[in-house]
Amino acid sequence: MANLVNLEGVTVVVGHRNLLEKISLGIQSGDRIGVLGLNGSGKSTLLSILAGVREPQAGRVATGRGTRVAVVAQKSELAPGLTVRDIALGDFGQTGGEDHGADYHWASDSSVRSVLDGLGLGNIGLETLVDNLSGGERRRVALAAALVTDADLLILDEPTNHLDIEGVAWLAAHLVAHRGAVVVVTHDRWFLDAVATLTWEVVDGEVFIRDGGYSDWVFARAERLRLAGAAEERRKNLARKELAWLRRGAPARTSKPRYRIEAAEALIADVPEPRDSVELQAFARKRLGRDVLDIEDVTAKVVAADRTDRTLLDHVTWRIGAGDRLGIVGVNGSGKTTLLKVLLGEYPLVSGTVKRGQTVSLGYLSQDVTELPGTLRLLEAVTEVARVINLGGKDVTAGQLCERFGFGTQQQWTFVKELSGGERRRLQLLRILMSEPNVLILDEPTNDLDTDTLQSLEDLLDSWAGTLIVVSHDRYLIERVCDDVVALFGDGKISQVIGGVPEYLQRRAAALAAPPTAATGAAGKPGPAAAPAGPAVDKRLARKELQRLEKRLESLDRKDRELTGSLTEVGTDYEKAADLDGQLAAVRSEKDDVELEWMAVAEQLEEA
């Protein structure tokens, strides 16, 4: 495997602190590396060193000759006055003369089309000026520009920001199939598990290297803390509880652990189940009574991106009970935040009513960081709400809760106006929790939180004896703290998804593959009425079917390569070899069938 980038004794000093101290590591072709660490630990700095954007104060950075590197920073600057096409497809010029019209080289490249479709740039519009895009849309354009290059090394800083669950799943699959190396800083633990084959943990100027993704990292860290007698108790307990959930609550995540299961079981032998939902519901009923939030025959509309009205809820009745733990999913723009505002009574209805139980005390975390008392110190801003609260049957002081959310004793006396965006969001959440609501509504609560803070939040929500409603693109969080999932599919209904996020993604994929109906545009989104039946419609549907079959062939090709690679590594495990061989035969048989379908559709298209 080719060496792409090597760091030798690299040191980076910020102020009086060695952010990175004598770091030596390397990246080889095919590596998929996830980078973890607390906020401010130096993750983004490490990426800038790898990308050659920043020079270290000491040490050496060597990049292989001819290595193509593509970088997406957290704050991507896009040149003003350019279109989405100019930036996302800058390396793909127009071919042919005037007779060919918009006959672009990229249009014949299935991998480029896959990136544009996967990131939803077709919905934004390739001719749209980037000056008119939202922050999330600009982020997707910058990400597309890096992905279409097929670079030897992709360096991505928080690439899942502003992507919905569907977009995160697509990006994970794309990076797994990417032929080059990937280094990604991310707080999305599901994404890290899906993508990374190595994990770098940046801690106190050092970089610890582990095999595998997030789950494997949790196993390794728990074992390290068990062996380190002087490890701080709080972090050790968090690691052990997370390990207990990975092992008991979601066994599929640890189906291929790189660490001994026996050691893991020993680590969590005295750790209770992560959550007793039955007991919590019983307690919640005592606090909340029978009625919590009821939507009765509600119709509500939202203004779509094209300024037309779209029906969000169409005569919907939905009852939320005491102790319910609900995750709400849907594509960006499907109306998840608007639905929360309907529940809060802050959104105008076309018809119907929203009823709130008499004992309900609401706590709402919005996506925006609300105005905070900047003249107060952090601890004062928390004690202004309350000094002590009861969580899980135990009294917790404001200072103790600050500690659980990563604010040490010294930082608790920092003025609020001096906090970073991520710190202000943590403070916002703290103040809401200190008000002791019995119904907690969280809109994208994981934004700007590092993995340790996320673990603390989930640990706290495990013992939350109330009703919990969460909108999040963080699939790991939803699976961790919610008992049920509901989805917005754009049909005016709130659909319960029994199988959770996997079922939601399957249903979305089926909707995307289905031909548009008279009332539905492409991708299952409301659109204009379909054109009359005729040759033009048949041709359009045939092209759509060709694209679907091409994507399926690409997926099967990837599976073929993965299985072939696994077969070369099984050694003398004949039972496993036979199983892999059977899977490979099935994949190749399906490839033959799909290729025949593709040929048949291509012939129909030529004849149309």
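## Cysteines

Cys482 is buried, at 9% relative accessible area. Cys402 is buried as well, with a relative accessibility of 0%. The model is a predicted one. Across the whole structure, a search returns zero disulfides.

## Nonpolar cores

The largest nonpolar core holds 95 residues. Within this core, Leu121 and Leu401 touch the most other members. A second core is separate and has 27 residues, among them Val292, Trp318, Ile320 and Val486.

Leu121 has contacts beyond four places in sequence with Val84, Ala88, Leu116, Leu126, Arg140, Val141 and Ala144. In soluble globular proteins, nonpolar side chains tend to be buried together.

Strand S7 covers residues 181-185. Five of its five residues are buried. Ala181, Val183 and Val185 point one way from S7. Val182 and Val184 point the other way. Residues on both sides of S7 are buried.

S7 pairs in the parallel sense with strand S3 (residues 32-36), over four bridges. Leu153 has Ala181 in S7 as its bridge partner.

## The six-stranded sheet

Another part of the description concerns an open sheet of six strands. The order is S14-S17-S18-S12-S19-S20, and the pairing is mixed. Strand S14 (362-365) and strand S20 (495-496) are the edge strands, each pairing on one side only.

S14 pairs with strand S17 (residues 439-443) in the parallel sense, over four bridges. Leu362 has Val439 in S17 as its bridge partner. Helix H15 (residues 421-434) lies across S14 and S17. H15 runs at about 175° to S14.

## Glu458, a buried acidic residue

Glu458 sits in helix H16 (residues 451-462). Glu458 counts as buried because its relative accessibility is 0%, and the cut-off for buried is under 20%.

Which residue joins its side chain to that of Glu458 through a polar contact of 2.5 Å? The partner is Arg189. Arg189 is also one of the residues that Glu458 touches beyond four places in sequence.

Methods. Residues numbered from 1 in each chain as written. Predicted model: local features only at pLDDT ≥ 70, side-chain atom pairs only at ≥ 80, totals over all residues. Heavy atoms only, no water. Disulfide = S-S within 2.5 Å. Buried < 20%, exposed > 50% of the residue type's maximum accessible area, 1.4 Å probe, protein only. Core = buried A, V, L, I, M, F, W, Y, C linked by side-chain atoms within 4.5 Å. Contact = heavy atoms within 4.5 Å. Pairing = 2+ DSSP bridges. Helix = DSSP H or I, 4+ residues; strand = E, 2+ residues; numbered from the N terminus. Axes fitted to C-alpha atoms, helices over the stretch in contact; angles between N-to-C directions. Polar contact = N/O pair within 3.5 Å; in protein donor to acceptor, adjacent residues only side chain to side chain.
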